[in-house]
Amino acid sequence: MPLPRRSWAEPFKIKVVEPLRLTTPEQRLAALREAGYNTFLLRSRDVYIDLLTDSGTSAMSDRQWAGMMLGDEAYAGSENFYRLETNVRRFYGYQHLIPTHQGRGAEHIISRVLIKPGDVVPGNMYFTTTRLHQEMAGARFVDVIIDEAHDPASEHPFKGDIDLNKLERVFVENPGRVPYVSAAATVNMAGGQPISLANLKAVRELANRYNVKVILDATRIAENAWFIQQREPGYEHRTVAQIVLEMCSLTDGCTMSAKKDPLANIGGFLAVNDAEIAAQAANLLVVYEGLHTYGGMAGRDMEAVAIGIEESVQDDHIRARIGQVQYLGDKLRDWGIPIVLPVGGHGIFLDARAFLPHVPQDHYPAQALAAALYLDSGVRAMERGIVSAGRDAETGLERHPKLELVRLTIPRRVYTQAHMDVTAESVYAVYEDREKIPGLRMTFEPKLLRFFQARFEPR
Ligand SMILES: *Cc1c(COP(=O)(O)O)cnc(C)c1O
């Protein structure tokens, strides 16, 4: 009898292990209370499987660790800076590298260079830190993503696409006030959904007609490229590396968090083609991040990023990375658990509205669901709903996003298929008991990016 399928396996084996600690339900309840029902405030020693984020949580390769020993910790002109610059040019094609301590450092610098107070920045849904830096530089952010992105049940293959009519309306209504289009690949907040190359090309053409730049959030570009290879006609025989380069060629520059796709534990950069913008950015860099040849990173970190970039665009790596996410997603979907479809590149997003229909959005259903999951098994997830959306910069009122999600984010090269099984079974157990999960009340609300530090109690 033929086998029903041939399984894939990770293109690596394990050389070093880090023991995990199991906890009792009583220990988890105590830890959750201590953390104000916010998974960001849990201590990692109290977490069993940590799916809070895939940011800086990747397992580095033996080559990256070996590279750490080659750290040239010179204040100026470190060898590692030049190796990183070479790889940024080679794999993304941008001419000028401005290193930063992580992605938000790059977002801060480019926002300060390109935005004037009163400007408008359109983008494909928002990312928390990206939008905040644009707003703090004086811009108003306008979401121009296609409507399907806000519908967790839509199976559109490119839910990260920009709606060209919405984009043109922003250009027409704000002449001379749109410095750039903020295009993300993939769109984290929509569930790790990709933008198509056809759409990015059309955005480039439209932006050219209105003399507007396109700045890419390239944090998850290798994952996006893999979806293009799988789903976009004409790209099935192109490598992920080729697709990444083509995407970058359609934009004027990018911000990058090296803690995501580039497989490093810290780091990031801004990269642009325009020499004048690069010079202004490098000048701001010395004020906020560090000298322009380290920008907040140690030499060894720049080396790890340079090597990680190369590893991140290998087809076998990205196939296994997304394959693991898909394995977890397929299980949950087959069990009828409401998740965002299609499954994205970096995690599974539980649809908390459908999961907890008895909890109104003002009682923070996604926050409550993340807490319940931790209580059940010690799996740590993250809220991506009304708490993350925060308050409107002008009215001060809470934003009510259509998507009220819990993100189970899969770190790269860290967990095994058995960890995915344990996670799926915990979600299933919580789903069976969902009527008993209460909403939450916020007892402490920080002013900026409140989701990181807010505290709650059960209602
Ligand atoms: C994480 C992330 C950022 C911010 O990067 P940090 O390194 O956390 O500052 C920006 N955009 C996207 C899409 C991200 O996922």
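## Ligand site

Gln-102 places a polar side-chain atom 3.0 Å from an oxygen atom of the ligand. The distance falls under the polar contact rule: a pair of N or O atoms within 3.5 Å, where within protein one must be able to donate a hydrogen and the other to accept it, and residues adjacent in sequence count only if both atoms are side-chain atoms. The model is a predicted one, in which local features need pLDDT of at least 70 and side-chain atom pairs count only at pLDDT 80 or more, while totals for chains, interfaces and linings use all residues. Residues are numbered from 1 along each chain as its sequence is written, and side-chain values use heavy atoms, with hydrogens and water left out.

Gly-103 contributes a polar backbone atom, 2.9 Å from an oxygen atom of the ligand. For Ser-257, a polar side-chain atom lies 2.6 Å from a ligand oxygen. There are 13 residues around the ligand, and those that come nearest are Gly-103, Arg-104, Asp-217, Ser-257 and Lys-260; a residue counts here if one of its heavy atoms lies within 4 Å of the molecule.

## Domains and their interface

In contact (heavy atoms within 4.5 Å) are 33 residues of domain 1 and 40 residues of domain 2. The two domains bury about 2900 Å² between them, with 56% of it on carbon and sulfur atoms. Buried area is the accessible area (1.4 Å probe) that two parts lose on being put together, summed over both.

On the side of domain 1 that touches domain 2, the elements giving two or more residues are α12 (315-334), β9 (347-351), α15 (386-389) and β12 (405-409). Helices (H or I, at least four residues) and strands (E, at least two) are DSSP runs numbered from the N terminus. The largest share of that side, seven residues, comes from α12.

## Salt bridges

The structure holds 31 salt bridges, each a side-chain nitrogen of Lys or Arg within 4 Å of a carboxyl oxygen of Asp or Glu. Asp-46 pairs with Arg-21 in this way, with the closest N and O atoms 3.2 Å apart. Asp-46 sits in the loop between α1 (25-34) and β1 (49-50) and Arg-21 in the segment before α1, so the pair ties together parts that are 25 residues apart in sequence.

Between domain 1 and domain 2 the count is six salt bridges. Arg-220 and Asp-54 also form a salt bridge through their side chains, at 2.7 Å from N to O.

## Backbone geometry

Most residues other than glycine have a negative phi, and most peptide bonds are trans. The peptide bond from Ala-185 to Thr-186 is cis, with omega near -10°, and Thr-186 lies in the loop between β5 (180-184) and α7 (197-209). Leu-341 and Pro-342 are also joined by a cis peptide bond, with omega about -10°. Pro-342 belongs to the loop between α12 and β9.

Asn-211 has a positive phi, near 60°. This residue is in the loop between α7 and β6 (213-217).
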